[in-house]
Amino acid sequence: QVQLVESGGGLVQAGGSLRLSCAASGRIFSINAMGWYRQAPGNQRELVATITRGGSTNYADSVKGRFLISRDDAKNTVYLQMNSLKPEDTAVYYCNADIRRTYWSYEYDYWGQGTQVTVSS
């Protein structure tokens with residue numbers, strides 16, 4: 001089995017910072033793209049940022065210049081540094097990873113359980 005476990009969420013005032021972490025564990029041969037998504041109440045889940053195995057990144061326009069995604073392949077971990085947080089960043093943040101469990105297997109999409117980020121005004 002493969003698990004993605006997020007950590008680092010919490011309550012912060014507007015203008016503050018948080019750092020999210022997501023560690024993948026289990027039987028893993030390789031991890032391709034990793035990313036963060038978020039879902040606010042009443043809204044659909046939306047992309048926040050992604051990072052490829054080669055380090056190429058992509059960000060939602062709403063977080064460009066404020067959030068930074070990075071990864072540590074030795075630890076099978078992806079991070080999201082969130083700065084200058086705004087109340088509209090309040091959401092449950094989900095980690096995502098495209099993982100091959102063995103050399104012979106296909107790549108599958110895995111999700112974490114989510115971590116709450118709340119930004120107060």
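**Sheet, core and aromatic contacts**

In this predicted model, four strands form an open sheet in the order β1-β3-β8-β7, with antiparallel pairing. Strands are DSSP runs (E, at least two residues), numbered from the N terminus, and two strands pair if DSSP finds at least two bridges between them. β1 (2-7) and β7 (67-72) stand at the edges. Each has a single partner strand, so one side of each lacks a neighbour in the sheet. The twist averages 15° from one strand to the next; axes are lines fitted to C-alpha atoms, and angles run from 0 to 180 degrees between N-to-C directions. β7 and β8 (residues 77-82) run antiparallel and are joined by six bridges. In this pairing, arginine 71 stands opposite valine 78 of β8.

Residues are numbered from 1 along each chain as its sequence is written. Local features need pLDDT of at least 70, side-chain atom pairs count only at pLDDT 80 or more, totals for chains, interfaces and linings use all residues, and side-chain values use heavy atoms, without hydrogens and water.

The largest nonpolar core has 30 residues. Such a core is a set of buried Ala, Val, Leu, Ile, Met, Phe, Trp, Tyr and Cys residues joined through side-chain atoms within 4.5 Å. Trp36, Leu80, Met82 and Tyr93 have the most contacts inside the core. β9 gives the most to this core, with five residues. Leucine 80 is in contact (heavy atoms within 4.5 Å) with residues beyond four places in sequence, including Leu18, Trp36, Val48, Phe67 and Tyr93.

Three aromatic pairs were found in the whole structure. Rings of Phe, Tyr and Trp (its six-membered ring) pair if their centres lie within 6.5 Å; planes under 30 degrees apart count as stacked, over 60 as edge-to-face and the rest as tilted. The ring centres of phenylalanine 29 and tyrosine 103 are 5.8 Å apart and their planes are at 85°, so this pair is edge-to-face. Phenylalanine 29 is partly exposed, at 44% relative accessible area, whereas tyrosine 103 is exposed, at 53%. Buried means under 20%, exposed over 50%, and partly exposed in between (1.4 Å probe, protein chains only). Tyrosine 37 and tryptophan 111 also form an edge-to-face pair, 5.1 Å centre to centre with 65° between the planes. The pair links strands β4 and β10 across 74 residues. Tyrosine 37 is buried, at 19%.

Charges also sit over rings (NZ of Lys or CZ of Arg within 6 Å of the ring centre and within 35 degrees of the ring normal). Arginine 19 lies over tyrosine 79, 4.1 Å from the ring centre. Arginine 45 lies over the face of tyrosine 94, at 3.7 Å.
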